[in-house]
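Hello,

I am passing a structure on to you, and I hope you enjoy looking at it. Please open it first, and then read my notes below.

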Amino acid sequence: MIAGSKLRMTKQRQLILEELRKVTSHPTADDMYQVLRKKMPKISLGTVYRNLEILSDTGIIQKIDVGGTQKRFDADISTHYHIRCTICGRVADVHMEPHMELEAEAQKLTDYEILHHRVEYIGICPECRKKQS
Ligand SMILES: [Zn+2]
Ligand SMILES: [Zn+2]
């Protein structure tokens, strides 16, 4: 892992980061590409994808692997929980305090040094629920 401060901020990388910080929708590389191409018509999907990977490798953003779907990205790197709609696939933040005691408990049981934990709730979002009824 490269230290975040040492990462060279190219103009494209800066723009990608700025746009990601504006949203809480946990976009995929494709979603980001659709937004970015309007501001930077020459940008390619490959460039967007590569830069998102670099930004997450350096810990500036967070990559979320959710249930076998496309990787999503989050500018919020704090420990927080996500909820995924099983119908439309949207991923939202769950605004609750993270349960840090889960880490102590897992450490005790496994003797691992716990670095981080993730919680993903699966459900049906309000919009999809409306459509169902
Ligand atoms: Zn939904
Ligand atoms: Zn999030």
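What share of the contacts in the protein with a separation of 6 or more comes from residues 24 or more positions apart? The share is 50%, where two residues are in contact if their C-beta atoms, placed from the backbone, lie within 7 Å.

Before the details, a word on conventions. The model is predicted, so that local features need pLDDT of at least 70 and side-chain atom pairs count only at pLDDT 80 or more, while totals for chains, interfaces and linings use all residues. Residues are numbered from 1 along each chain as its sequence is written, and chains are lettered from A and ligands numbered from 1 in the order in which they are written.

**Overall layout**

The protein has 5 helices and 5 strands, and along the sequence they follow the pattern α-α-α-β-β-β-β-α-β-α. Helices (H or I, at least four residues) and strands (E, at least two) are DSSP runs, numbered from the N terminus. The C-alpha atoms fill a box of roughly 50 × 50 × 25 Å, taken along the principal axes. Of the 133 residues, 14% are buried; a residue is buried if 20 or more other C-beta atoms lie within 10 Å of its own, exposed if 12 or fewer, and partly exposed in between, with C-beta atoms placed from the backbone.

There is a domain 1 (1–77) and a domain 2 (78–133), with bounds from an automatic or database domain assignment. Their C-alpha centres lie 21 Å apart. In the contact between them, 9 residues of domain 1 meet 8 residues of domain 2. The domain 1 side of that contact has 3 nonpolar, 4 polar and 2 charged residues. Here Ala, Val, Leu, Ile, Met, Phe, Trp, Tyr, Cys and Pro count as nonpolar, Asp, Glu, Lys and Arg as charged, and the others, Gly among them, as polar.

**Helices H1 and H3**

The axes of H1 (residues 11–22) and H3 come within 10 Å and cross at roughly 75°. Axes are lines fitted to C-alpha atoms, for helices over the stretch in contact, and angles run from 0 to 180 degrees between N-to-C directions. H1 and H3 are therefore roughly perpendicular, a term for angles of 65 to 115 degrees. Gln12, Arg13, Ile16 and Leu17 in H1 meet Thr47, Val48, Asn51, Leu52 and Leu55 in H3. These residues divide into 5 nonpolar, 3 polar and 1 charged.

Ile60 is partly exposed because it has 17 C-beta neighbours inside 10 Å.

**The sheet**

An open sheet of 3 strands has the order S4-S3-S5, with mixed pairing. S4 and S5 are at the edges with a single partner strand each, so one side of each has no neighbour in the sheet. Two strands pair if DSSP finds at least two bridges between them. S3 (residues 81–85) and S4 (residues 91–94) are antiparallel, with 4 bridges, whereas S3 and S5 (residues 120–123) run parallel, also with 4 bridges. Arg84 has Val91 as its bridge partner in S4 and stands opposite Ile122 in S5. The hairpin of S3 and S4 has 5 residues between the strands, and Gly89 in the turn has a positive phi of about 85°.

**Helix H4**

Where does H4 lie, in the open or buried? Of its 10 residues (101–110), the number buried is 0, so H4 lies largely in the open. Just after H4, Asp111 takes a positive phi of about 65°.

Best wishes

Conventions
Parallel < 35°, antiparallel > 145°, perpendicular 65-115°, else oblique.
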